[in-house]
There are 2 protein chains.
Amino acid sequence: MRFRIIATDGGSRAGVMETERGLVLTPQFMPVGTLGTVKALSPEELRHAGAEVILCNTYHLYLRPGHETVRRLGGVQRFMGWPGPVLTDSGGFQVYSLSRLRNITPEGVEFRSHIDGSLHFIGPERAMEIQQALGADIIMAFDECTPYPSTYEYVRDSLRLTTEWAKRCRAAHPEGSSQALFGIFQGGTYRDLRLRSLEEIVEIGFDGYAAGGLSVGEPKGLMYEMIHATGSLMPADRPRYLMGIGDLLDVVEAVEAGYDIFDCVMPTRNARNGTLFTSAGRISIKRAEFSEDPSPLDPECDCYTCRSFSRAYLRHLYMSREILSMRLNTIHNLSFYMRFFRLMRESIIQGRFAEFKLEWMETLRGNFATERSRAALT
Amino acid sequence: MRFRIIATDGGSRAGVMETERGLVLTPQFMPVGTLGTVKALSPEELRHAGAEVILCNTYHLYLRPGHETVRRLGGVQRFMGWPGPVLTDSGGFQVYSLSRLRNITPEGVEFRSHIDGSLHFIGPERAMEIQQALGADIIMAFDECTPYPSTYEYVRDSLRLTTEWAKRCRAAHPEGSSQALFGIFQGGTYRDLRLRSLEEIVEIGFDGYAAGGLSVGEPKGLMYEMIHATGSLMPADRPRYLMGIGDLLDVVEAVEAGYDIFDCVMPTRNARNGTLFTSAGRISIKRAEFSEDPSPLDPECDCYTCRSFSRAYLRHLYMSREILSMRLNTIHNLSFYMRFFRLMRESIIQGRFAEFKLEWMETLRGNFATERSRAALT
C-alpha cells in the first residue's frame, strides 16, 4: 500500500491510499460490514453509494464463519463479493465489549463467545494469524482498549501491554506482506499517556497509525482534546485513522486535526432505526407529518432511495417493519455520508476547508448533533 | 384490459393480457407484495427477476397506510414505485384468516384489525371502494372464502352470499372503468357446488374469473379434482386465475386444466426461511455441507445471487441472520419461479407442454413437492 498527500489546508489533508484493489481517497469513511456484509446492502449498492473501502470485524468473522473458512474461500473480499479493499480490526474492541468472562494476561485475552459461550484466546500473534487468513488489505495491531472511566494508573499500566503487543504484531507480520499493518495507540483521556503511547507506537513503525479507545463514553470535550493533541504528531506520510468515530461533527474536528480515515456504525444503524441524515438535518422517518408526503426524502440527494420513493412510502415501510425499509434507509444514509466526505475532500483540495466547516456547522449542530456534541460545541 | 390466447396445447393456454401498464404473458406468476412491497426486494429487482404483475393485499393496505392515503399518493403502483400492473385481492381472504371477532352478515363482514383490534366493516361495495382508491389494474370481487373442512350445507348457503356479493360488486363497478374486475367462485371441495358457483359467477359476467377457497388445508387429491373440474368451464376468452396456489406441481396441474394466473407466498416466504429452489431440487441453505462450498447456488441460474455469491456466503448470511440473506434468497427463488413459468409458456407455444411436464415432474416430485403433493401424485 502506498499513501500520498495531494493537498493540505491548515491541519487537514487530502490524500490517496493506493491498494491492490483500488484507490482510496482520504478523508474517507469506511462503512462497517461486521460479518462480511454492510447490513441490508449488496456490494453493488455500496459502490453506488460511493464506498471505497469496507471495515469488517475480525472478532465476528473469527467466530462465524471462521477465519480458515474465509481463507479457503479466497479471502474476505471474494467471500463477500466486494471488489474493493477491506480493513479488518484486530478483534480487540469486540473482545472487550461483547464477550464474557475475559481474562487479560500478558499473553493475550481469554474470552467466551457471545454466541455460544465457547472459550477462545486471542493474543497478538493469534490476531495476526486470523487477520492474515481473512486476507484484508489493511489489518490492525492487537491492543487493549481501555474503558472510560479508567484510573490514570490502569491506563498507564495498560499501555505497556499495548506497546508490547504492538511489537509482537509487528514481528509476526511478514516482510513484504501485501497486507498493510496499522498500529494503534491508546492512553484513555490522559493527554500525557496518549502522547507517550503515540510515540511508542510510532517508534515501532507501521504502515499507518490509529487512535483507539475514544468515543467510549468520555465527554466530547475530552475526546476533542485527545484528537487535537495527537492528530499532527503521527508521521505525515502515513494514513491516520480515528477508530469508531463517525458523528460528522466529530469527523470535521478530527479532519481539522489531521486525521484521514474513519469508521462508524452510525449511518447504517441509524438508518435501520429510521433516523435519516438529510441536507436539511436529521429526521425521524416515522413522524406522522410524512404520512402523505409525496416528496423525496432529501431533494438534494441523487441516491436510489431519493430518486425512486416518497417520504410517505419510506414511512409506510418503516411503520410496517418491512425489510426494504432498512435497505432504502441505509442506501440513503450511506450516500449522504459518502457525499459529505467527498465535499470535504474537495474543500481541502480547493483550500476552503474552513468555509466547508462553517457551511456545515449550522446544519450539523442544529439538527445532527447528539446532545453531547452540542453541549461540547456551544 | 384486453386478453388474447396466442396458443393452446391440450387444456393449457398461452395468452397475453394487455394492461395500461404493460403486457402480461400467461401462464403468469404474481409475486405477493402484501403491504406494497415484495418483502426484501426493490421494484428493480422484481423486474430483473422477470416479474410482470404484482399482487397486493387490500386488507393490509386498507389498514396500513390506508386506501385514501394510497389514492392521494397516486395509487398503489406509484406508491410502491412499481411501473407494471398490480392486482389487488378483495380483502376477504385476510378478513377470514387474520382478523379477530368477525361477524358475517348479508351486508358484509365486521372484523377487528389484527394490528390494534380496531373495529372495521367490509362488504362488497366497500371492497370496491377501497380497491378503486388503491387503483390496481385488476381488482377482485368480494366473496366468502369457506374454510376446510366445511359441511355441504354451510358451503351451499355461503354460495348464495358469494353470488349476491359478486352481483353487488359488479353493480358498484363503473362502466368503462380502467380497472378490470374479476369474479371469484367458491364451492369448497364439493364438485356440484363448485360448478354451480362457477356458473352463477360467469352468468354475472366479469373481465376474468378466479377459483377461490382452494389450498386451504384440503387433501391435494380433492384440490386437483376441483381444479380439473373447473379449468375448462370458464369462458375461454377471459383470464383464469387460481388464487393462492404456487406449489409448482399444483401449478402444472392447473395449467393443464386451463388456468392462466397464479399467486403464492411460497417462493418469497421460503426464501426468507432459507429454503431455495434450484434446477437440482429444493435445498435448505443452512446445511453444513455448504459451509465451504464455493459454487453458485444453482449453476443453471443467471440471477444476481447466483452470478455473484457462493453457497458458502449464502449459508453464512443465513446462519448470521443477516438482512442480505433474505434478499439474495428471494431474488433467486423468484428468478427460479419466473424462469419456470417462462419455460412453461414456451412449451405451450411450441406444442410440447406434456414433454415439459414430464421433464420437470421428476425434479418437482423428488425434491420440490411437499409431503402432501407427493402423496397425491404417487
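B:Phe182 sits opposite B:Gly208 of S12(B), in a model that is predicted. The two strands involved, S11 (residues 180-185) and S12 (residues 208-211) of chain B, run parallel and are joined by 4 bridges. Chain B is superposed on chain A by a rotation of 180°, and 31 residues of chain B contact 31 residues of chain A. Within chain A, the domain assignment separates residues 2-265 from residues 270-377.

**Strands and sheets**

- S11 and S12 of chain B belong to an open sheet of 8 strands with parallel pairing, in the order S4-S14-S13-S12-S11-S10-S6-S5.
- The edges of this sheet are strand S4 (28-30) and strand S5 (54-56) of chain B; each has a single partner strand, so one side of each lacks a neighbour in the sheet.
- On average, neighbouring strands of the sheet are turned by 25° against each other, direction ignored.
- Strands of a sheet pair through backbone hydrogen bonds, in either a parallel or an antiparallel arrangement.
- An antiparallel pair occurs in chain A, where 4 bridges join strand S15 (residues 275-278) to strand S16 (residues 281-284).
- S15(A) and S16(A) make a hairpin, with 2 residues between them.
- In this pair, A:Thr278 stands opposite A:Gly281 of S16(A).

**Domains of chain A**

- Domain 1 of chain A spans 2-265 and domain 2 spans 270-377.
- Their C-alpha centres are 26 Å apart.
- The contact between them involves 31 residues of domain 1 of chain A and 33 residues of domain 2 of chain A.
- On the domain 1 side, at least two residues each come from strand S1 (2-9), strand S2 (12-19), strand S4 (28-30), helix H1 (43-49), helix H9 (220-230) and helix H10 (248-257) of chain A.
- H10(A) supplies the largest share of that side, 6 residues.
- The side of domain 1 of chain A that touches domain 2 of chain A is made up of 17 nonpolar, 6 polar and 8 charged residues.

**Relation of the two chains**

- Two copies of a chain are related by a rotation about an axis and a shift along it.
- For chain B on chain A, the rotation is 180°, the shift along the axis is 0.0 Å and the RMSD is 0.0 Å.
- This is the relation of a two-fold axis.
- The same surface serves both copies, as 100% of the contact residues of chain B recur in chain A.
- B:Ile323 is the residue of chain B that comes closest to the rotation axis, with its C-alpha at 3.7 Å.

**Interface between chains A and B**

- The contact takes in 31 residues of chain B and 31 residues of chain A.
- Helix H3 (67-72), helix H4 (76-80), helix H13 (311-319) and helix H14 (323-349) of chain B each provide at least two residues of the side that touches chain A.
- H13(B) gives the most to that side, with 5 residues.
- By class, the side of chain B that touches chain A holds 15 nonpolar, 10 polar and 6 charged residues.

**Helix H14 against its copy**

- Helix H14 (residues 323-349) of chain A packs with H14(B) at an angle of about 110°, and their axes are 10 Å apart.
- H14(A) is therefore roughly perpendicular to H14(B).
- A:Ile323, A:Met326 and A:Arg327 of H14(A) meet B:Ile323, B:Met326 and B:Arg327 of H14(B).
- The residues of this helix contact comprise 4 nonpolar, no polar and 2 charged.

Methods: Residues are numbered from 1 along each chain as its sequence is written. Chains are lettered from A and ligands numbered from 1 in the order in which they are written. This is a predicted model: local features need pLDDT of at least 70, side-chain atom pairs count only at pLDDT 80 or more; totals for chains, interfaces and linings use all residues. Copies are superposed by least squares on the C-alpha atoms of residues with pLDDT of at least 70 in both. Two residues are in contact if their C-beta atoms, placed from the backbone, lie within 7 Å. Domain bounds come from an automatic or database domain assignment. Ala, Val, Leu, Ile, Met, Phe, Trp, Tyr, Cys and Pro count as nonpolar, Asp, Glu, Lys and Arg as charged, and the others, Gly among them, as polar. Two strands pair if DSSP finds at least two bridges between them. Axes are lines fitted to C-alpha atoms, for helices over the stretch in contact, and angles run from 0 to 180 degrees between N-to-C directions. Angles under 35 degrees count as roughly parallel, over 145 as roughly antiparallel, 65 to 115 as roughly perpendicular and the rest as oblique.
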